[in-house]
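Entries follow in the order I took them.

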Amino acid sequence: MAFSELSQPWRSAPHSNPAGGLLLCHGFTGTPHAVRPWAADAAAHGWDVRAPLLPGHGSTWQEMSASTWQDWYRAVRESALELQREHGTIAVGGISMGGTLAAALAEDPAVAPRIGALVLVNAAMVDSPVWAVAPVLSRLVPSIGAIAGDIRREGVIEEAYDRTPLRAVGELRALVRRTRAGLGRITAPALVAVSPQDRTVPPRSSDVIASRTAGPVERMTLGASGHLATLDHDAEDLFARSRAHLKRWVPTSTEEGR
């Protein structure tokens, strides 16, 4: 796929009196295109939003095959710390693997104390047995078909790789297993949104998150959407619930004296 400007890293225009800082994380093989409407909606309501492009994404699947989960995590961690320096307590959201990365940030002792709220949309938290053999298979079959594009709204196409590097699937598995093991350390209030008809991430991932995190959990069902709900029929309702969740739990930059 040829990637457009929509797949580039994105940040909102400066606000004179921002509501706060919001980091949004895209998913596996995808780009910031998946969260651009969400980011634009939040920015229109006063949030200072960052949507980084993960290493190995938005270029070639071969480049992604050479990246690691530590590379992906380092990128979102740096963005989170930058937002925290500017705003104090921030909010973090993500879709698919981006939700996994958001949860991982909320487990990080250097970042978690200043995460006021999480929004996890179809976050990956259950790994497949097939993932375990992906690194071995990658020596014979470097890539398989695309996993992106689970969108029910007609005419909407996600900007993502049309091949899935199997070595990177092994990295995804390592990230999911590590993050799942640390869910009990999460105290930030979480909005956990799930598409029951998700064909990419098992919907029971949301049950795992809701049952294991230590903080307050609000749940939302995205009944009209596929996996990529931020580009699907439930997007507007999701954005509204996200705004309400952030407003409830995240102090404004002014309230924090920044």
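Entry 1: Is Val130 buried or exposed? I looked up its relative accessibility and found 56%. The cut-off for exposed is over 50%, so Val130 counts as exposed. I note here that the model is a predicted one. Val130 sits in helix α5, which spans residues 129-137.

**Entry 2: His26.** I turned to a loop next. His26 is found between β2 (20-25) and α1 (36-44). Is His26 buried or exposed? Its relative accessible area is 0%. Buried means under 20%, so His26 is buried.

I looked up the polar contacts of the His26 side chain. The side chain of His26 reaches the backbone nitrogen of Leu54 at 3.0 Å. A polar atom of this side chain also lies 3.5 Å from the backbone oxygen of Gly30. Then I listed what His26 touches, leaving out residues up to four places away in sequence. The list includes Thr31, Pro32 and Val35. It also includes Pro52, Leu53, Leu54 and His57. Ile95, Met97 and Gly98 are on the list too.

**Entry 3: the sheet.** In what order do the strands run? I read β1-β3-β2-β4-β5-β8-β9. This is an open sheet of 7 strands with mixed pairing. β1 (10-11) and β9 (217-221) stand at the edges. Each has a single partner strand, so one side of each is left without a neighbour in the sheet.

I checked one pairing in detail. β2 and β3 (residues 47-51) pair in the parallel sense, over 4 bridges. Leu23 stands opposite Arg50 in β3.

**Entry 4: salt bridges.** How many salt bridges are there? The count comes to 15. I followed up several.

Asp41 and Arg243 meet through their side chains at 2.6 Å, N to O. This pair links distant parts of the chain, with Asp41 in helix α1 and Arg243 in helix α8 (residues 235-249), 202 residues apart. I compared burial for the two partners. Asp41 counts as buried at 19% relative accessibility. Arg243 is partly exposed, at 24%.

Asp71 and Arg74 form another salt bridge, with the closest N and O atoms 3.1 Å apart. Why are they separated by about one helical turn? They are 3 residues apart in helix α3 (residues 69-87). Asp71 is partly exposed, with a relative accessible area of 24%. Arg74 is partly exposed as well, at 43%.

Next I took Arg219 and Asp207. Their closest N and O atoms are 2.7 Å apart in a salt bridge. Arg219 lies in strand β9 and Asp207 in helix α7 (residues 204-212), so the pair ties together parts that are 12 residues apart in sequence. At 41% relative accessibility, Arg219 counts as partly exposed. Asp207 is partly exposed too, with 40%.

Definitions and conventions: Residues numbered from 1 in each chain as written. Predicted model: local features only at pLDDT ≥ 70, side-chain atom pairs only at ≥ 80, totals over all residues. Heavy atoms only, no water. Helix = DSSP H or I, 4+ residues; strand = E, 2+ residues; numbered from the N terminus. Buried < 20%, exposed > 50% of the residue type's maximum accessible area, 1.4 Å probe, protein only. Polar contact = N/O pair within 3.5 Å; in protein donor to acceptor, adjacent residues only side chain to side chain. Contact = heavy atoms within 4.5 Å. Pairing = 2+ DSSP bridges. Salt bridge = Lys/Arg side-chain N within 4 Å of Asp/Glu carboxyl O.
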